[in-house]
Amino acid sequence: MTDTAPGTRQSPAPASDRPFLYVVVCAAGIAVEVDRLIAAAQRRGWEVGVIATPVAMGGFFDTAAVEARTGRPIRSAWRSPGDPRPFPPPDAVVVAPATFNTLNKWAAGTADTLALGTLCEAYGLGVPIAVLPCVSEALAAHPAYRAGLERLRGMGVRFGDPYDGEVRSDGVRPEFGWERALDLLATEGPRVQPNG
């Protein structure tokens, strides 16, 4: 599996008998709450490693708190040759929040960031992937986005309900269904195999 180290050699965390979940975090405002997903995954018995898009690392969530919660560094850039792999191979991947940009590039097979490379490779390895999209209605109307979702669904990617983050008429912003991603991993059928 593709992974990184941010320029310094870091020893991988000790192996665990618990399944390992990669959480891919994109640059959306709701990412500030990603610790809720991590805590829920840990309660359900997952070890968690976080991979963030480079833009998401620019203040979209509390990186220090996430690293403290997972006990692992957040990955966002390719590791240097010879550096140890900081995460074991994933048993599953959750992309939350998943943005318009990341979903479109992933569907097109673009792997120009660690997050996208990880997602492209996870499909080829048959790793189950659950996605919680966070895309405005205006962007979701774009034909490339709709086509990308169709392609990703055809690849067996499991999707939660769309979330646009808009404040409702009563002045309340709806909850983001963090745990829905874990439910999708637990309840959906087997993935479509890439060559079958």
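In this predicted model, F20 is buried, with a relative accessible area of 3%. Y22 is likewise buried, at 0% relative accessibility. The rings of F20 and Y22 form an aromatic pair, with 5.8 Å from centre to centre and 90° between the planes. Planes over 60 degrees apart count as edge-to-face, and the pair of F20 and Y22 is therefore described in that way. Together with F87, these residues make up one aromatic cluster, consisting of F20, Y22 and F87.

A further edge-to-face pair is formed by Y163 and F176, because the ring centres lie 4.9 Å apart and the planes stand at 80°. Y163 and F176 both belong to the loop between β5 (158-159) and α7 (178-187), and the pair links parts of the chain that are 13 residues apart. Both Y163 and F176 are buried. Counted by the ring-pair criterion, the model contains six aromatic pairs.

Attention may now turn to the helices. The axes of α3 (residues 100-107) and α6 (residues 143-154) come within 9 Å and cross at roughly 60°. The two helices are therefore oblique to each other, and α3 passes α6 in a left-handed crossing. On the side of α3, the contact involves F100, L103, N104, W106 and A107. Their counterparts in α6 are A144, Y145, G148, L149, R151 and L152.

Definitions and conventions:
Residues numbered from 1 in each chain as written. Predicted model: local features only at pLDDT ≥ 70, side-chain atom pairs only at ≥ 80, totals over all residues. Heavy atoms only, no water. Axes fitted to C-alpha atoms, helices over the stretch in contact; angles between N-to-C directions. Helix = DSSP H or I, 4+ residues; strand = E, 2+ residues; numbered from the N terminus. Parallel < 35°, antiparallel > 145°, perpendicular 65-115°, else oblique. Left-handed = near helix turned anticlockwise from the far one by under 90°. Contact = heavy atoms within 4.5 Å. Phe/Tyr/Trp six-rings, centres within 6.5 Å; stacked < 30°, edge-to-face > 60°. Buried < 20%, exposed > 50% of the residue type's maximum accessible area, 1.4 Å probe, protein only.
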